[in-house]
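Trainee: I am new to this structure, so please pick a single part and walk me through its surroundings slowly.

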Amino acid sequence: MKLLMNLLIPNIFLCLMLNTAFAQTSVKAMTYNIRYDGSVYDAPQLTANHWENRKDVQIGLLNFHHPDVVGLQEALQHQVEYFADNLPGYKWVGVGREDGEQEGEYNPIFYNSKRFTLVKYDTFWLSNTPQKPSKSWDAGYTRICTWGLLEDKQNGTKFFLFNTHFDSKGRVARLESAKLLKEKIKEIAGGTAVIVTGDFNFIPNSKAYKEITSGKLLRDSKKASRYPPYGPEGTFSGFDYNAQLKSRIDYIFVNTKVNVQKYGVLTDSYNQKYPSDHLPVMIEVEISE
């Protein structure tokens with residue numbers, strides 16, 4: 001018996017060491033532009049699509065698909081608070097883009113707090129002065145990127161989530177934002193696993209897309225998926241239920257530490273309506289350290 005224990009104990013420790021060295025975490029990540037609350041400043045013709053008529057469908061969508069992390073775009077403070085109150089088990093981080101506090105749209109990150117611990121987080125602005133509220137180039141609006149470092153509570157695996165929303169008006173702003181985003185990822189994340197969610201307001205043949213996927217830093221999760229992509233090509237419907245869905249402007253990018261297993265564009269609807277003018281994109285990945 002003593003001889004058997006002497007043989008087993010080193011093997012047990014070896015297995016524990018190997019499990020620690022090769023810790024792996026499965027993550028479901030989503031990006032979703034929920035459309036700001038139109039009752040604040042929408043045109044009258046969009047009354048039917050006001051957020052008050054859509055908010056519970058969005059909550060249902062998120063609770064059903066239950067992503068581990070989700071980056072939202074266009075959320076105003078009261079919308080963020082509504083999500084926080086109605087998504088059990090999630091916590092969030094983020095700031096308003098206009099003042100770095102509560103004014104204007106957020107790019108909040110919601111995460112499954114039962115699975116992950118938030119280690120640190122911050123926000124930078126897509127401008128020549130990213131450390132403070134500002135806009136640059138030909139941008140029509142102030143734009144931000146909120147990021148967080150998350151740690152798996154079971155095995156300690158860490159990854160960064162960057163959530164952003166590029167400008168809808170300025171081509172130069174989108175290109176320069178792509179360059180800045182890559183610089184910031186290198187500066188903040190180093191060699192750690194990275195997932196980037198966002199409404200980028202560019203299509204795959206644009207200069208900004210080519211910039212963000214150039215080099216070896218980031219990959220388009222749709223192209224990196226192990227299994228064939230699911231759903232339509234496009235992610236923007238403009239609230240048109242009969243749209244052909246060809247315009248792909250919402251993306252999830254990953255670095256080489258993230259192995260994409262599945263990619264999908266979700267077409268969940270209600271009464272022949274979409275709950276936002278954008279469709280959510282979700283991926284399933286394996287992250288190894």
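Mentor: Helix H4 lies across E2, E3 and strand E4 (109-112), and runs at about 5 degrees to E4. (Axes are lines fitted to C-alpha atoms, for helices over the stretch in contact, and angles run from 0 to 180 degrees between N-to-C directions.) Helices (H or I, at least four residues) and strands (E, at least two) are DSSP runs, numbered from the N terminus. Please keep in mind that this is a predicted model, where local features need pLDDT of at least 70 and side-chain atom pairs count only at pLDDT 80 or more, while totals for chains, interfaces and linings use all residues. Residues are numbered from 1 along each chain as its sequence is written, and side-chain values use heavy atoms, leaving out hydrogens and water.

Now look at the sheet: it is open, with 6 strands in the order E3-E4-E2-E1-E12-E11 and mixed pairing. Its edge strands, E3 and E11 (258-265), each pair on one side only; pairing takes at least two DSSP bridges between two strands. E1 and E2 run parallel, joined by 5 bridges, and Thr 31 has Gly 71 of E2 as its bridge partner. H3 also packs on this sheet, touching E1, E2, E3 and E12, with its direction at about 165 degrees to that of E1; contact means heavy atoms within 4.5 Å.
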